[in-house]
Amino acid sequence: MDPAGKTFIVTGAARGIGRAIAQRLAAAGANLALIDLSAADLDGSLEGCRAAGRTARGYAADVAREADVIAAVTRITSDFGRIDGLVNNAGIVRDGLLVKRRDDGAVDRLPLAEWQAVIDVNLTGTFLCTREVAARMVESRTGGVIVNVSSISKAGNAGQTNYSAAKAGVAAMTVVWAKELGRHGIRVGAVAPGFVHTEMLSAMRPAVLEKLAEAVPLRRFARPEEIAEAVACIVAQDYFTGRCLELDGGLRL
Ligand SMILES: NC(=O)c1ccc[n+]([C@@H]2O[C@H](COP(=O)([O-])OP(=O)(O)OC[C@H]3O[C@@H](n4cnc5c(N)ncnc54)[C@H](O)[C@@H]3O)[C@@H](O)[C@H]2O)c1
């Protein structure tokens with residue numbers, strides 16, 4: 001798909017990878033509907049898109065809440081007239097071991113709330129946004145493209161029971177939806193980044209990050225713009241569907 005003149009939704013677009021994706025699509029000529037928890041936080045990303053000469057609007061929505069997603073997609077449809085693309089980028093981490101023995105012998109358990117929060121945003125959020133946008137695309141018979149952001153952790157990463165389960169689910173849903181939506185002219189792809197320089201990594205200690213970077217064959221983490229470039233490739237490549245592009249610098253967990 002040539003994104004020029006088309007309308008794309010990017011979730012979690014206030015910063016990091018989402019902002020880079022929005023600005024990359026704007027540079028390719030797309031108009032952008034940006035979603036994040038707070039509309040005020042979207043100002044910087046909107047400015048970047050408008051600097052490319054495109055129309056860009058911000059929408060406050062929690063992708064994990066069905067009513068928020070339906071309301072946002074309804075407003076976007078009315079504001080832009082059509083939706084041609086969706087990038088499911090919003091995501092969070094709440095890392096922790098499943099069980100952990102303390103020095104006094106007591107065993108801590110990963111709280112259910114930490115499991116649920118990550119599943120709600122990363123997995124349910126991707127489901128809700130795709131369901132709503134795909135329904136509009138099928139109704140309007142215009143087709144489209146959907147790109148999901150998974151992660152290298154989909155293979156199973158220690159300390160990430162919740163996140164690994166969610167991102168493996170995102171990768172699996174990509175295949176399911178490619179099979180179901182292809183007949184409607186809708187392609188569905190995914191990117192699975194390794195470690196990327198964003199605020200998501202800010203909770204990790206610098207020494208740990210340094211050690212992790214050494215384990216990457218390319219000896220560095222990705223820049224958000226490099227992930228955005230891969231999303232733009234999936235958008236542009238009309239025979240790509242049901243597959244996940246791995247962007248991990250060669251790192252395998
Ligand atoms: N940074 C990495 O190393 C890395 C690696 C692999 C995959 N990813 C994935 O890339 C995506 C973007 O990550 P990032 O590093 O840019 O993270 P980030 O924390 O910098 O940005 C995430 C954005 O999503 C928004 N968000 C969070 N919960 C939301 C919700 N419920 N509804 C709407 N918006 C919400 C946040 O407000 C924020 O603007 C995520 O899906 C993440 O899992 C990141």
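Residues are numbered from 1 along each chain as its sequence is written. Because the model is predicted, local features were considered at pLDDT of at least 70 and side-chain atom pairs only at pLDDT 80 or more, whereas totals for chains, interfaces and linings use all residues. Helices (H or I, at least four residues) and strands (E, at least two) are DSSP runs numbered from the N terminus.

Strand E2 (31-36) is mostly covered, with 6 of its 6 residues buried, a residue being termed buried if 20 or more other C-beta atoms lie within 10 Å of its own, exposed if 12 or fewer do, and partly exposed in between, with C-beta atoms placed from the backbone. Asn31, Ala33 and Ile35 point one way from E2, while Leu32, Leu34 and Asp36 point the other way, and all of these are buried. Strand E1 (residues 7-11) pairs with E2 in the parallel sense over 5 bridges, where two strands are taken to pair if DSSP finds at least two bridges between them; within this pairing, Thr11 has Ile35 of E2 as its bridge partner. The chain passes from E1 through H1 to E2 in a right-handed β-α-β crossover, the hand being right if, with the strands pointing away from the viewer, the path from the first strand over the helix to the second runs clockwise. E2 is also joined to E3 by 5 bridges, and these two strands run parallel; here the bridge partner of Asp36 is Ala60 in E3. A right-handed β-α-β unit is likewise made by E2, H2 and E3.

In helix H2 (residues 43-51), the buried residues are Ser45, Leu46, Gly48 and Cys49. Seen down the axis of H2, these buried residues fall within an arc of 160°, so they line one face of the helix; the arc is that of the directions from the helix axis to the C-beta atoms. They pack against helix H1 (16-27), strand E2 and strand E3 (56-60), with contact between two residues assigned if their C-beta atoms, placed from the backbone, lie within 7 Å. The face of H2 turned away from the buried side carries the exposed residues Gly44, Glu47 and Ala51. Just after H2, Gly53 takes a positive phi of about 85°.

Strand E7 (residues 144-149) has 6 of its 6 residues buried, so it is largely enclosed by the rest of the structure. Both of its faces are covered, with Gly144, Ile146 and Asn148 buried on one side and Val145, Val147 and Val149 buried on the other. Strand E4 (residues 85-88) pairs with E7 in the parallel sense over 4 bridges, and strand E8 (residues 186-193) pairs with E7, also in the parallel sense, over 6 bridges. Asn148 of E7 is the bridge partner of Asn88, and Asn148 has Ala190 as its bridge partner in E8. E7, helix H5 (residues 161-181) and E8 make a right-handed β-α-β unit.

The ligand is surrounded by 28 residues, the closest of which are Gly12, Gly16, Gly91, Thr198 and Met200; a residue is counted as near the ligand if its C-beta atom, placed from the backbone, lies within 6 Å of it. H1, E2 and helix H4 (112-140) each supply at least two residues of this shell, and the largest share, 3 residues, comes from H1. By class, the shell has 15 nonpolar, 9 polar and 4 charged residues, where Ala, Val, Leu, Ile, Met, Phe, Trp, Tyr, Cys and Pro count as nonpolar, Asp, Glu, Lys and Arg as charged, and the others, Gly among them, as polar.

Several loop residues were also examined. Asn89, in the loop between E4 and E5, is buried, with 30 other C-beta atoms within 10 Å. Not counting residues up to four places away in sequence, Asn89 touches Val10, Thr11, Gly12, Ala13, Ile17, Gly18, Ile21 and Val149. Asn89 and Arg19 are 70 residues apart in sequence and 9.7 Å apart in space, C-alpha to C-alpha. Arg102, in the loop between strand E5 (99-101) and strand E6 (107-109), counts as exposed, with 8 C-beta neighbours inside 10 Å.

Most residues other than glycine have a negative phi. Arg141, however, in the loop between H4 and E7, has a positive phi of about 55° and is exposed, with 8 other C-beta atoms within 10 Å. Arg219, in the loop between helix H6 (206-215) and helix H7 (224-236), has a positive phi near 65° and is exposed, with 10 other C-beta atoms within 10 Å.
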